[in-house]
Amino acid sequence: MNDHQVHIDEHRDDEGAKTGMWIFIFTELLLFGGLFIAYSVYRYLNPLAFHLAAEELDTTLGTINTVILLVSSMTIAMSISAIQYKNKKLTLILMGVTLLLALAFMVNKYFEWSGKISHGIYPGSMTLQEASRGELLFFGLYYAMTGLHALHIVIGMAFIGYVMYLVVKNEVQHDNFVILENSGLYWHLVDLIWIFLFPLFYLIT
Amino acid sequence: MSEAVNQHTEVSYLEYKGRFKGLFAWIFSTDHKRIGLLYLYSMLVLFSVAALLGLAMKIELIAPGKTIMDAQTYNSFFTLHGITMIFLIVVPGLPAVFGNFFLPIMIGAKDVAFPKLNLLSWWIYIIGAFIALSAQFIGDGPPDTGWTFYAPYSFRTGTNMLPAVTGAFVLGFSSIATGINFIVTMHRMRAPGMTWMKMPLFPWALYGTSWIQVLATPIVGVTLLMIVLERTMQIGFFDPALGGDPILYQHLFWIYSHPAVYIMILPAMGVISEIIPTFARKTIFGYKAIVVSTLAIAFVGYFVWGHHMFTSGMSGTALYTFSILTFFVAIPSAIKIFNWVATLHKASIDIQTPFLWALCFLFVFMVGGLSGMVLGALSTNVHLHDTAFVVAHFHFIVFGGTGYAFFGAIHYWYPKMFGKMYDKSWANIGLAIFFTGFNILYLPMFYLGMTGMPRRYYDYVDEFHGPNIVSSLGALLMISGLIIIITNLVRSGKHGETAEADPWKGKTLEWTVASPPSLENFEEIPTVTKHPYGYE
């Protein structure tokens, strides 16, 4: 009986685990998809207001954050190669760099949001109540979409941090690294969503 | 022969002793069979409560004016009835209970692909249920929007909407996790030799269902999240006062909630496709047609959501597109009906309780489906929109479809799940009373709707009195039938006769293992060479 118990716990299927992660990533894309639909409908209905409101956003900060995320996607991908070369130290360094970059993204976001809030642009503020319908919608979507994205950054950081702990404990190694790969996939998703958010809010004006 | 050996060498999953004892051995078990039963017991409790709420509403409607409750209580009753029945029972129902229990066994696997995720989804389900139901007891009174949470009323009502919406959001994750788990299980863990076209039809139905769960649930998730943000932080999405568009809410809500109807009905069709060949002792007619129509329903089901909104304001082109697509989606359902009936043709039928449930399913499902066509046609829809006709159609298809299949499934697989046989004559009596009550309850509502009685009102004019009395008496009869059925099942768990491994002479893999199955289902993973319904 006990042998069987062990057998169930040891059931391992890397291909299956990755398939599951991919499907989960589809669901995340669809989750944002609902917000993208709302964005496109309201942009179509209020083109001028969206144009004016988008000019309020700081393209430089947005660009820096885009570069940060792209580089962090690269470092997490490199860490997956590093573990396959059995280089534990390099793996941990690269994952650490990914986490630092994620943190830098969040710090940037903090300054960006607090700048907006100090100008009186936040949901329910007096300034926005006097603004046009389209601007109200634009900033509502801005806070909701970048906020939900920031939440995903935090979840991704926790996930990568947990996998780092597994690497330290040698539970993730060159022949058993599917969870590292999955955390990398998740991180690419977070990156990918930003790649769509960046032009929609900062570039198309 | 090998079954008898199995029973002696391996203890069943019910008796197996793991790391934990007592209740913990269940709520922390990653065994797919125990998780299935956890869902079953949770749902049985919730279903009983929600059914009694339904009965209370029918008693209120037995006479015009206030009978036993005021308007506000009635509003919160139909909201709670809807939220519980839809989000907690019908949507997760068949996949979570019978899918969990039988999917791995039917494809010859020892468990699902991610057993821990499976347990987590039960926990998310319970947490979501508590959050949703807490709305009834805390804050400013129970929600009164109906289960659809239509904007802008859902932001304006003073009642306690947040927990209800948040609960439904959380439940979505449970549904997604189960969906992912099942898809990966079917892709990766089918027994050697079981090609896709040798997979039984219940797993096939679950496959279609799982894809809908995975691809549609996130949309309602984000929509409900938008309501939460709108209510808590005044971020404008759907409230015109904040610049939003309430019609967009309806679109987003139905983009999920219409495919959700197929989450409810596809596994039900899967169950019927298992029961019918077993008792007809005959290979199912048109196996491939059933598979293809399952996938077709899952696919076309995405493009028909607009038929819930024919009176909300859409362009003419959108209206007829949605209407014609609605008619298209009926075709695969009709193909299945044809296949089931053709399976019965010239069969030597063994009439047993599960088979009777399947027959009743065919009847009520056809009434529900054809009345759906009446609603899918534009001109009649405008007349019947938001009347009791819709309620009757909905209950025929959802309660009649999924509910009958659920009870059919329980009577079909009960001996396998518990190793006991229920009292067949009481089961048949219960079914007869239930079926009679069901029709007396819902058929008059078609008539009431045609003559103009609106849904969701606690009161009506005197002209509607007669049919309402009939309908309410039907409700009492139906609930009596339910009590007999459930009591019989519960009682037989203790006092029933011991069941054999294959009491119905079924051919799918679950009938080759012991009743109840051992922890790992199979001592050795079987190699499949034959078609699942190999009778001839």
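**Close-up 1. R188(B) and D13(A) pair up in a salt bridge across the two chains.** The N to O distance between these side chains is 2.9 Å; a salt bridge here is a side-chain nitrogen of Lys or Arg within 4 Å of a carboxyl oxygen of Asp or Glu. The rule finds 1 salt bridge across the interface of chain B and chain A. This is a predicted model, so to speak of local features takes pLDDT of at least 70, side-chain atom pairs count only at pLDDT 80 or more, and totals for chains, interfaces and linings use all residues. Residues are numbered from 1 along each chain as its sequence is written, chains are lettered from A and ligands numbered from 1 in the order in which they are written, and side-chain values use heavy atoms, with hydrogens and water left out.

**Close-up 2. Chain B meets chain A through 36 of its residues, which touch 33 residues of chain A.** Contact here is heavy atoms within 4.5 Å. Together the two chains bury about 3,000 Å², with 74% of that on carbon and sulfur atoms; buried area is the accessible area (1.4 Å probe) that two parts lose on being put together, summed over both. There are 4 residue pairs in polar contact between the chains, both residues at pLDDT 80 or more. A polar contact is a pair of N or O atoms within 3.5 Å; within protein, one must be able to donate a hydrogen and the other to accept it, and residues adjacent in sequence count only if both atoms are side-chain atoms. On chain B, the elements giving two or more residues to this side are α8 (161-188), α9 (201-233) and α10 (246-280). The largest share, 11 residues, comes from α9(B). Helices are DSSP runs (H or I, at least four residues), numbered from the N terminus. By type, this side of chain B splits into 26 nonpolar, 5 polar and 5 charged residues. Ala, Val, Leu, Ile, Met, Phe, Trp, Tyr, Cys and Pro count as nonpolar, Asp, Glu, Lys and Arg as charged, and the others, Gly among them, as polar.

**Close-up 3. The largest cavity holds about 920 Å³.** On a 1 Å grid over the protein atoms alone, a cavity is a set of points where a 1.4 Å probe fits but cannot get out, and lining residues have an atom within 4 Å of a point. Grid points are joined across faces, edges and corners, and a volume is the space filled by probe spheres set on the points. Of the 46 lining residues, M57(B), H81(B), M85(B), H395(B) and Y442(B) lie nearest the centre. α15(B) gives the most to this lining, with 11 residues. The lining comes out as 35 nonpolar, 8 polar and 3 charged residues.

**Close-up 4. The second largest cavity has about 140 Å³ of space.** Closest to its centre, out of 17 lining residues, are F87(B), V91(B), P92(B), L171(B) and S175(B). Here α8(B) gives the most, with 6 residues.

Conventions:
On a 1 Å grid over the protein atoms alone, a cavity is a set of points where a 1.4 Å probe fits but cannot get out, and a pocket is an open set with protein on both sides within 12 Å along at least five of seven lines; lining residues have an atom within 4 Å of a point.
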